[in-house]
Amino acid sequence: MSLILFAFVVRVRDGLPLSASTDFEHNRELQERKQQLKTISKALARFPGRGTVKGQELNIYFVSSEGVSYMSVCHCSLPVAKAFCFLEDLRWEFAACFNSTVVALASRPYPFLEFDGTIQKLKQQYNQSGGPALEVTLAEVQEDLRIHPPQIINLDDVALANGTANGHMEQGVGPGQNHRLEPVTAPGILSLVLNIMCASLNLIRGVHLMEYTFQDDYEGVWNVVAFFLAFLCCVSQCHLYLFHSSLKRLKCFSLLSVIVLCNLYLLGLRNAWQLLFHVSVAFLSTVHILTRKLQDRTNDCGV
């Protein structure tokens with residue numbers, strides 16, 4: 001039975017995946033640990049050089065050095081010292097192949113996939129022989145771990161550090177972050193077109209009504225405000241559908257509520273069918289905004 005199941009190399013400053021071992025096992029807990037690896041990689045800058053995440057049968061270990069973190073998923077029966085010894089050997093091998101400048105300039109995920117061959121050789125060595133070739137290396141790691149034990153990482157703390165909830169990678173938008181949503185669907189395009197139509201109708205009616213309001217001592221000023229507010233909400237719904245945003249659910253329902261209230265206020269200027277059309281389009285847009293999720297990145301480059 002393999003004790004070291006998966007290895008992952010990432011850049012510490014932004015969590016960019018640099019390389020990973022080919023995945024030959026597909027049990028459920030391993031896939032969960034791989035997801036947790038990617039979650040942890042986004043917060044590595046906040047953690048010390050060594051860390052451990054305990055699981056039921058599989059544990060996560062990581063070592064960070066010179067801006068690169070070396071992470072692994074291992075069976076709980078593997079001694080901690082051997083797990084960190086494997087990561088130290090992995091660190092030396094990676095540093096011998098790629099210098100810090102090349103790592104710093106990497107811009108796309110998994111730029112060093114060829115390093116997978118080295119990872120597989122190390123995994124095979126540890127899984128078959130049970131440890132490193134030199135016992136002195138293991139002894140040194142054991143002594144170092146005794147003096148500087150790895151931090152036990154709580155996944156809830158990782159989630160808070162990342163601004164996530166329940167392990168879903170839905171982060172607040174910030175500088176340098178790149179969120180890719182799922183592709184736009186045909187019904188989604190239809191909701192966009194209808195929303196743009198509603199926004200245009202609100203704008204046109206608002207502009208025309210504003211001209212009469214200025215001539216009638218501002219008697220219909222609140223109707224103008226309602227038209228323009230509905231226009232802005234329709235445009236905002238289009239933006240929410242097209243681009244990722246934090247607090248999306250709260251914004252979605254807030255916009256829907258304002259649109260419904262504006263149309264109810266304008267009931268005297270719109271008949272029941274017009275009111276039903278505008279409210280139905282708002283509901284349709286809300287559904288499509290909430291169902292369009294962030295694109296799944298779990299299968300990047302087949303690792």
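Predicted model: local features only at pLDDT ≥ 70, side-chain atom pairs only at ≥ 80, totals over all residues.
Local features here need pLDDT of at least 70 and side-chain atom pairs count only at pLDDT 80 or more, while totals for chains, interfaces and linings use all residues. Residues are numbered from 1 along each chain as its sequence is written, and side-chain values use heavy atoms, with hydrogens and water left out.

**View 1. Phe8 meets Tyr110.** The structure holds 11 aromatic pairs (rings of Phe, Tyr and Trp, the last by its six-membered ring, with centres within 6.5 Å; planes under 30 degrees apart count as stacked, over 60 as edge-to-face, the rest as tilted). In this one the ring centres are 6.4 Å apart and the planes sit at 45 degrees, so the pair counts as tilted. Phe8 belongs to strand S1 (residues 4-11), and Tyr110 to the loop between helix H3 (100-105) and helix H4 (116-129), 102 residues apart. Helices (H or I, at least four residues) and strands (E, at least two) are DSSP runs, numbered from the N terminus. Both Phe8 and Tyr110 are buried (under 20% relative accessible area; over 50% is exposed and in between is partly exposed, with a 1.4 Å probe and protein chains only).

**View 2. Phe98 and Phe115 pair up edge-to-face.** Here it's 6.0 Å centre to centre, with 75 degrees between the planes. Phe98 is in the loop between helix H2 (80-97) and H3, and Phe115 in the loop between H3 and H4, so the pair ties together parts 17 residues apart in sequence. Phe98 has a relative accessible area of 13%, and Phe115 has 2%. Ring pairs also join these two with Tyr70, Phe94 and Phe112 in a cluster.

**View 3. The largest nonpolar core has 30 residues.** A core is a set of buried Ala, Val, Leu, Ile, Met, Phe, Trp, Tyr and Cys residues joined through side-chain atoms within 4.5 Å. Leu18, Phe86, Leu87, Leu90 and Phe94 have the most contacts inside this one. H2 gives the largest share, 8 residues. Leu87 touches (heavy atoms within 4.5 Å) several residues, including Tyr61, Phe62 and Met71, not counting residues up to four places away in sequence.

**View 4. A second, separate core has 20 residues.** Among them are Phe8, Ile40, Leu44 and Phe47.
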